[in-house]
Amino acid sequence: MRQRNKPWADDFLRENSDLVIPNPDQYKSKWHELFGNDNPIHVEIGTGKGQFIVGMAKQFPNINFIGIELAKSVIVTAAQKVQESEQTNIKLIQENAENLNEIFATNEVSTVYLNFSDPWPKNRHEKRRLTSHSFLERYENILHPEGQLIFKTDNRGLFEYSLVSFSRFGMLLEEVSLDLHQLADPTNIMTEYEEKFSAKGQPIHRCKAVFRGE
Ligand code: SAM
C-alpha cells in the first residue's frame with residue numbers, strides 16, 4: 001500500500017477518536033458496549049483504504065465491523081471513507097495485528113478477514129506473513145468456536161503457503177476458490193487491491209477456513 005506523509009494525520013486521529021479508537025486494549029471484552037448492541041463482531045486485518053469494510057458494513061448492517069490497519073497515513077483515508085458512508089457499525093484501530101490478543105478477548109470475534117495481505121516472499125520473513133503459525137494462534141484465540149477466517153489474495157505463492165499453513169494448524173477448509181470472480185458471489189465486496197489486480201486479468205483466490213470443524 002503506497003503511503004504518503006500526511007502531516008495532518010495526528011490531528012485527524014485525535015479529533016476522530018470515536019471512530020479510530022486510541023488505546024483499543026481498554027475495550028477488550030467490551031466491544032459490544034462500544035457499539036451499543038450485541039451484534040456479531042467481524043475484524044478485517046490490513047484494512048487499507050477502507051473500501052471493503054465500508055461495503056461490508058452497508059451490506060450487513062447487523063454486524064459490527066472493526067478494521068485494523070498498521071499505517072497511519074492509510075487508516076486516515078479509510079476513516080474518511082467511513083465518515084462519508086455515515087455507517088455507524090464500523091470502528092477502526094491503528095495497530096499491528098501482532099497485538100490482537102491484547103485487543104480482543106477469547107471468543108469475542110465471529111469472523112476474521114485477511115484481504116490481500118503483504119506476501120513477504122522471502123523465507124526469512126515468513127513470520128511476518130499474516131497466515132503464519134503465530135498469527136493463526138492469535139486468530140484461534142479471539143475467534144468464536146464457529147468463527148471463520150476468510151482470506152483473499154491474488155498472490156498464488158502466498159495462497160499456496162497459506163493453505164499448507166492452515167492445514168498444518170489443523171484447520172478445516174470450507175471453501176477454496178482459485179478464481180473467485182468466476183463464482184459470481186453476489187455478496188463479494190471488492191477491496192482496492194482486488195479491483196486493481198482483477199482489472200489486469202489476474203484471478204483472485206479465496207479460502208474460508210474454521211479452527212474447530214465439528
Ligand atoms: N486490504 C487492502 C486491500 O485489499 O486493498 C490493503 C492491502 S495492502 C497490500 C496490505 C495492508 O495491510 C497495508 O495497508 C498494510 O499497512 C497493512 N498491514 C500489513 N501488516 C499489518 C499488520 N501486521 N497489522 C496491521 N496491518 C498490517
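Let's start with one residue. Lys-49 counts as partly exposed, because its relative accessibility is 30%. Lys-49 sits in the loop between strand S1 (41–45) and helix H3 (51–59). On the surface, Lys-49 gathers with Arg-4, Lys-196 and Lys-200 in a patch of positive charge. Keep in mind that this is a predicted model.

Now the whole chain. The protein chain has nine helices and seven strands. A compact globule of 214 residues would have a radius of gyration near 17 Å; the chain has 16 Å, so the two agree. The C-alpha atoms fill a box of roughly 45 × 40 × 40 Å along the principal axes. Of the 214 residues, 48% count as buried.

On to salt bridges. Side chains of opposite charge can pair when their charged atoms come close. The structure holds seven salt bridges. Take Asp-10 and Lys-72, which meet at 2.7 Å, N to O. Asp-10 lies in helix H1 (residues 9–15) and Lys-72 in helix H4 (residues 72–85), so the pair ties together parts 62 residues apart in sequence. Asp-10 is partly exposed at 39%, and Lys-72 is partly exposed at 30%.

Next, Arg-156 and Glu-160. Their closest N and O atoms are 3.0 Å apart. Both lie in helix H7 (residues 156–168), four residues apart, about one turn of the helix.

Last, Arg-206 and Glu-175. This salt bridge has its closest N and O atoms 2.8 Å apart. Arg-206 lies in strand S7 (residues 205–210) and Glu-175 in strand S6 (residues 172–177), so the pair ties together parts 31 residues apart in sequence. Buried or exposed? Arg-206 and Glu-175 are both buried. Salt bridges with shared partners join Glu-175, Asp-185 and Arg-206 into one network.

Definitions and conventions
Residues are numbered from 1 along each chain as its sequence is written. This is a predicted model: local features need pLDDT of at least 70, side-chain atom pairs count only at pLDDT 80 or more; totals for chains, interfaces and linings use all residues. Side-chain values use heavy atoms; hydrogens and water are left out. Patches are made of residues with over 30% relative accessible area and no salt bridge: like charges are joined within 9 Å, nonpolar side chains (Val, Leu, Ile, Met, Phe, Trp, Tyr) within 5 Å. Accessible areas come from the Shrake-Rupley method with a 1.4 Å probe; for residues, only the protein chains shown count as cover. A salt bridge is a side-chain nitrogen of Lys or Arg within 4 Å of a carboxyl oxygen of Asp or Glu. Lys and Arg count as positive and Asp and Glu as negative; His and the chain ends are not counted. The place of a charge is taken as NZ of Lys, CZ of Arg, CG of Asp or CD of Glu. Helices (H or I, at least four residues) and strands (E, at least two) are DSSP runs, numbered from the N terminus. Buried means under 20% relative accessible area, exposed over 50%, partly exposed in between (1.4 Å probe, protein chains only). The radius of gyration is taken over C-alpha atoms; the globule rule is 2.2 Å times the number of residues to the power 0.38.
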